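Colleague: Hi! Could you walk me through this model, a bit at a time? I'm new to this.

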Amino acid sequence: MKLSRIFLLFAVASCSLTMTAQKPLPQLGKAPIDQIIKAMTLEEKAHLLVGVKSAEGMDIIANGAGTTYAIPRLGITHTIMMDGATGVRMDTLVRGDGKAYYSTGFPVATLLAATWNTDLVKRVGATMGDELLAYGGDILLAPSLNVHRNPLNGRNFEYYSEDPLLSGYMAAAATKGLQSVGVGATIKHFAANSQQTMRMFNDARVSQRALREIYLRGFEIAIREAKPWAVMSSYNRINGLHTQYSHKLLTDLLRKEWRFNGIVMTDWVEARDTRAQVHAGNDLLMGGTPQQVQDILDCVKKGTLTMAEINNNVRRVLRYIMRTPHYRGVEATFAPDLKAHAVLAREAATEGVVLLKNSEPALITGDAAKQAVTKARPLPLVEDDQVALFGLGAYKFYANGRGAADVYKPYTVTLVEGLHNSKVNLHSTLDTYYTHYMDNQYLLLDEQNTPTFRNWFFGMREPEEPAINSAFIGYRAKDCTKAIITIARNSGEAEDRDYKEGDYLLTKAELTLIDQVSKAFHAQKKPVIVVLNVGGVIDVASWRDKVDAIVMAWQPGEEGGNAVADVLTGKVCPSGRLPMTFALDYFDYPSAKNFPLHYKFNWDELLRPDSVVLAKKDLGYTNYEEDIYVGYRYFNTQKKAVAYPFGYGLSYTSFKYDKPQVRLVKGRYIVSVPVTNVGSVDGKEVVQLYVNAPKGTMEKPSRELKAFAKTRLLKAGETEVVEMSIPLADLASFNEKRMAWVTDAGKYTLEIGASVEDIRTSATITIKKPIIKSAPTKI
């Protein structure tokens, strides 16, 4: 009996074990997330928190920047992350079928900001999202919205503006567009990532007020307005601590104060303190190494990371995965509508082109001048113009900057091609001259007989502007009606620009070209136009008086040449406005006192045991002594003259602003202002609302942008009532002593105009009692 009972018990136990073994595992999306987490091993959790560069059966690098870890037994799929700032960056040979696949090259972010058109930027974002979806991506590593603290930041072209409000709303628009098609956006680089020199190590030493009002404000707006799937923590330090180690930044501020509910991923970085990164709130360590997985395992075993911390991060990653196309089973088509997308790229580029100068030269005097203003002005070009196209830039047009923002485009339309496409009469001898020069320059070899190319990621050595015989220029002045000179610049990731010839300053050859062409054409009473194909600010003050028109083309994407030609010929009335200030001199920027110049990064120097690089000003650390006075906040407050102010831009028509109406609705001031096109050309106007705050408990800039809007295309004589909204909370300044946002009592003047220096009308509101909102996190 005893023996049989033992056999019976053994049989029951075996059956129970079999049933347990056969019990199905919980699957992501079908079981509660906490049940999935409970079923995961510690090793699986560690892997999930560390990005990988490849997955079974596929080369992720060919199709993106990195991926999350898949755990098939629990229904956890991998997800793919892709750069970049001007479109979807991927290997053109991604499928290995011998066919090349391309992405649309959109204009750089600075040009998109110059449109001041959030609806347009949202459409661009949605189109990028369509292509991301088509090529099997889940989340785009964009948009970037670091503030233009200094014009020489090498990645400024990826960022929108010197103003955090304009930057924030542009990033929010791009994010909304991207996420509207079911893919994710990654807001980056969080935060105060204001220079590329020593970008992985530099310590941004900045006040709490400047952090809140300038360097964090755009992120706060974008997160509040658009709810991005992800935020990317930056390489740099803030006030001594790496942002990736900052629990106060990534958890207390981002998640608790701002209620951000997405994931935080690190920028692609060398090995760092894994425990500090995970503890701070980085859910994904990118691009990921096996050592980081082992670090997490070791930290949990030692007790330096708790299982609760690991589970919190895992929970957020799982929630992210459940939102992605890969998890939803969306298959890549590899067939985006690139032709339709190119049309949008061209539209966006034309709307961001800024007309900086369009003088009425002294070619016609007296009453005739009033009767022939359009013909007397350099732009737009007219049908019978014969144009002499000077400058190497017209033939090697930059669509975008270098680095992770570079997109493998199907083509780039140069300015010379765009003008030909627009049927502009170009003098053929210049076409021939520059084409031959370019062909020969790109074939030149260096002393070791190797091609003159640099690393593929950061760019290549470009040919210099050739010297042109003055007699040749003189002949062109006689047989052409107008001259166009193109100046081109490029920059990119990992290297700042410099205050030198060929970068911020024009080269001697470029200045000579402008001087010779201007003298020759002006002697014939004919105008000279300069087109700037640049990613950001360059010197204009030293030469602008020599020419009659200046067009800021930025880096306008693959359709750039066509877009700029649309503006030059008057097919599109220019409506772009500057998203930054052009100073008279680089050293007028207050940040110029604390920004690296003439430094080339050297790993050997940095890694030497006796290295002192990290102790050097502007390398190891940078003092943000200008505090909140970045860009126009400084120039306008100090009444310091500039070349071109923030918000500035000319048009082929003109606009009248009537008296605004202001009403308070549910904690927001709604400002309505009638805007009328009083010119003879259909066009759009950018309406900018600045606030002059009363003297209160803190020193404040004389004017700060608080809202903006862009009209629809207004026909001559047509009026639109433009409506702008200012949340009452946006009138506050950050009080460091109180660690609070304070809206002082008193009279606030709402100044509405066409630039920070061109105020057309105004209204006032009164705050009767101070409003204080606590913001306790000190970064």
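Colleague: How many aromatic pairs does a search of the whole structure find?

Modeller: The search finds 26 aromatic pairs. Rings of Phe, Tyr and Trp (its six-membered ring) pair if their centres lie within 6.5 Å; planes under 30 degrees apart count as stacked, over 60 as edge-to-face and the rest as tilted. Y169 and F708 form an edge-to-face pair, 6.5 Å centre to centre with 80° between the planes.

Colleague: Are Y169 and F708 buried or exposed?

Modeller: Y169 and F708 are both buried. Buried means under 20% relative accessible area, exposed over 50%, and partly exposed in between (1.4 Å probe, protein chains only).

Colleague: Why is the pair of Y504 and Y586 called edge-to-face?

Modeller: Because the planes of the Y504 and Y586 rings are at 65°, with the ring centres 5.5 Å apart. This pair also links distant parts of the chain, 82 residues apart. Y504 is in the loop between β13 (482–488) and α21 (508–523), while Y586 is in the loop between β16 (582–583) and α23 (603–607). Y504 and Y586 are both buried.

Colleague: Which residues form one aromatic cluster with Y504 and Y586?

Modeller: The cluster holds Y499, Y504, Y586, F587, Y589, Y634 and F635.

Colleague: Before I go on, what kind of model is this?

Modeller: This is a predicted model, where local features need pLDDT of at least 70, side-chain atom pairs count only at pLDDT 80 or more, and totals for chains, interfaces and linings use all residues. Residues are numbered from 1 along each chain as its sequence is written, and side-chain values use heavy atoms, with hydrogens and water left out.

Colleague: Thanks! Now pockets: how much space lies in the second largest pocket?

Modeller: About 820 Å³. On a 1 Å grid over the protein atoms alone, a pocket is an open set of points where a 1.4 Å probe fits, with protein on both sides within 12 Å along at least five of seven lines; lining residues have an atom within 4 Å of a point. Grid points are joined across faces, edges and corners, and a volume is the space filled by probe spheres set on the points.

Colleague: What lines the second largest pocket?

Modeller: There are 39 lining residues, and R217, E220, R224, D730 and K773 lie nearest the centre. The lining divides into 19 nonpolar, 4 polar and 16 charged residues. Here Ala, Val, Leu, Ile, Met, Phe, Trp, Tyr, Cys and Pro count as nonpolar, Asp, Glu, Lys and Arg as charged, and the others, Gly among them, as polar.

Colleague: Which element gives the most to that lining?

Modeller: α9 does, with 4 residues. Elements that supply at least two lining residues include α7 (164–179), α9 (217–226) and β23 (704–710).

Colleague: Next, R712. Where is R712, and what does R712 touch?

Modeller: R712 is in the loop between β23 and β24 (719–727). Not counting residues up to four places away in sequence, R712 touches G683, K684, E718, T719 and E720, where contact means heavy atoms within 4.5 Å. The side chains of R712 and E718 make a polar contact at 2.8 Å. A polar contact is a pair of N or O atoms within 3.5 Å; within protein, one must be able to donate a hydrogen and the other to accept it, and residues adjacent in sequence count only if both atoms are side-chain atoms.

Colleague: Why does R712 count as partly exposed?

Modeller: Because the relative accessibility of R712 is 40%.

Colleague: How many residues of helix α22 are buried?

Modeller: In α22 (residues 560–568), 9 of 9 residues are buried. They pack against α15 (338–352), α18 (415–421), β13, β14 (528–533) and β15 (549–552). After α22 comes G570, with a positive phi near 85°.

Colleague: Which residue has a positive phi although it is not a glycine?

Modeller: K423 is one of them, with a phi of about 65°. K423 is in the loop between α18 and β12 (425–426), and is exposed, with a relative accessible area of 71%.

Colleague: Last one: which peptide bond is cis?

Modeller: One of them runs from A142 to P143, with omega near 5°. Another runs from K188 to H189, with omega near -10°, and H189 is in strand β4 (residues 184–190).
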